[in-house]
Amino acid sequence: MLLPRPVEGAEGPYDAGYLPRLQMTFHPVEEPITEPVAKLGGDPVWLGEPCWPVHPDTGEPLDFIGQFPVPAEVGEPRRMAYLFLSYDDYETGGSDPEDGESVLLIQPGGRVPAFASIGAAGTKGRSLWRFGPDDEQVPVQFRIDMAPVPEEAERGPGDPGEEGHGTVGVHGHLGGKPAYPDWAGVEAPWRFFFRIGGMEDDGPYFLNFAYGAGFAYLSPDRLEGRFSWEAA
């Protein structure tokens, strides 16, 4: 799989820290994905010891949202980033990147953020879901395909294919230069990693970002992550 690589000169979350920019499209699957590849939903395919975050106040396991390949230099080991978010009465956690309601874990060899609460061995929560009939919460899983975009074609949140919020369409990107509704949720030296759009009640998955988008960030050594969302 083609991965973005770190670039020279990036200093913070407003720079293109990794190139090329890869547009993400989501494809529903009939069988569970059990390989360490990019995906939304299902079970995490750990590259290290299972490490499921819980809510720092309630102790409830966070929802597993998806896993994403970490940009790498030639010869570096394959690493994955695992995104977990809380959910409570239509509210998706993650508006604050360091309150423990959003946790982005890196494996193997990554650092668990100091604010993250990790459940006991064997802890397992639910995965990404959508609303079904009678507000039933139905688990979903998507394969993420990625395709490079020429640097001169870089765009912000209004990527082609997003307007329909279909099950297959561009609804985010990994690497490249970010475009925030307002400002980044973190400061330097954190580097922009990927963007994923929220989905409301009738979408193929449910993430309440107040019609905005979520943004993931990596430390300069790519061993620790942050995530926060911003309303439109």
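Reader: Which residues line the largest cavity?
Author: In this predicted model, the largest cavity is lined by Asp63, Ile65, Leu85, Ser86, Tyr87, Thr92, Ser127, Leu128, Trp129, Phe206 and Leu207.

Reader: And what is the lining like by class?
Author: Seven of the lining residues of the largest cavity are nonpolar, three are polar and one is charged.

Reader: What volume does the largest cavity have?
Author: Its volume is about 70 Å³.

Reader: How many cavities of 30 Å³ or more does the structure hold?
Author: The structure holds one cavity of that kind.

Reader: Turning to pockets, how much space lies in the second largest pocket?
Author: The second largest pocket holds about 170 Å³ of space.

Reader: Which residues line the second largest pocket?
Author: The lining consists of His55, Thr58, Glu60, Pro61, Leu62, Asp63, Leu85, Ser86, Tyr87, Asp88, Glu101 and Arg126. Sorted by class, this pocket has four nonpolar, three polar and five charged lining residues. Asp63, Leu85, Ser86 and Tyr87 belong to the pocket lining, and these four residues also line the largest cavity.

Reader: Before I use any of this, what is the mean pLDDT of the protein?
Author: The mean pLDDT is 90, and 91% of the residues reach 70 or more. Over residues 155-168, however, the pLDDT is below 50. That stretch has 33 contacts in the model beyond near neighbours in sequence. Where pLDDT is low, predicted coordinates should not be read in detail.

Reader: Understood. How many helices and strands are there in the protein?
Author: The protein has 18 strands and zero helices.

Reader: What about the overall dimensions, and why would one call the radius of gyration in agreement with a compact globule?
Author: A compact globule with 232 residues would have a radius of gyration near 17 Å, and the value for the protein is 16 Å, so the two agree. Along the principal axes, the C-alpha atoms fill a box of roughly 45 × 40 × 35 Å. Of the 232 residues, 53% are buried. Among contacts between residues at least 6 apart in sequence, 65% join residues at least 24 apart.

Reader: Backbone geometry next. Which peptide bond to Pro108 is cis, and what is its omega?
Author: The bond from Gln107 to Pro108 is cis, with omega near -10°. Most peptide bonds are trans.

Reader: Where do Pro108 and Pro189 lie?
Author: Pro108 is in the loop between strand S10 (102-107) and strand S11 (117-118). Pro189 is in the loop between strand S15 (170-174) and strand S16 (191-197).

Reader: What is Pro108 in contact with?
Author: Leaving aside neighbours within four places in sequence, Pro108 is in contact with Leu47, Arg78 and Arg79. The C-alpha atoms of Pro108 and Gly48 are separated by 5.3 Å, although these residues are 60 apart along the chain. Pro108 has a relative accessibility of 28% and therefore counts as partly exposed.

Reader: And the phi angles: what is the phi of Tyr90, and what is that of Asp135?
Author: Tyr90 has a positive phi of about 70° although it is not a glycine. Asp135, which is not a glycine either, has a positive phi of about 60°. Most residues other than glycine have a negative phi.

Reader: Where are Tyr90 and Asp135 placed?
Author: Tyr90 is in the loop between strand S8 (87-88) and strand S9 (91-92). With a relative accessible area of 33%, Tyr90 is partly exposed. Asp135 is in the loop between strand S12 (129-131) and strand S13 (137-139), and at 49% relative accessibility this residue too is partly exposed.

Reader: One more: is Pro44 buried or exposed?
Author: Pro44 has a relative accessibility of 10%, under the 20% cut-off, so this proline counts as buried. The loop between strand S4 (39-41) and strand S5 (53-54) holds Pro44. Not counting residues up to four places away in sequence, Pro44 touches Trp52, Phe64, Gln67 and Tyr82.

Reader: How far apart in space are Gly122 and Pro44?
Author: They are 13 Å apart, C-alpha to C-alpha, and 78 residues apart in sequence. Gly122 is in the loop between S11 and S12; at 77% relative accessibility, Gly122 counts as exposed.

Terms used: Residues are numbered from 1 along each chain as its sequence is written. This is a predicted model: local features need pLDDT of at least 70, side-chain atom pairs count only at pLDDT 80 or more; totals for chains, interfaces and linings use all residues. Side-chain values use heavy atoms; hydrogens and water are left out. On a 1 Å grid over the protein atoms alone, a cavity is a set of points where a 1.4 Å probe fits but cannot get out, and a pocket is an open set with protein on both sides within 12 Å along at least five of seven lines; lining residues have an atom within 4 Å of a point. Grid points are joined across faces, edges and corners, and a volume is the space filled by probe spheres set on the points. Ala, Val, Leu, Ile, Met, Phe, Trp, Tyr, Cys and Pro count as nonpolar, Asp, Glu, Lys and Arg as charged, and the others, Gly among them, as polar. pLDDT is the predictor's confidence in each residue, from 0 to 100. Contact means heavy atoms within 4.5 Å. Helices (H or I, at least four residues) and strands (E, at least two) are DSSP runs, numbered from the N terminus. The radius of gyration is taken over C-alpha atoms; the globule rule is 2.2 Å times the number of residues to the power 0.38. Buried means under 20% relative accessible area, exposed over 50%, partly exposed in between (1.4 Å probe, protein chains only).
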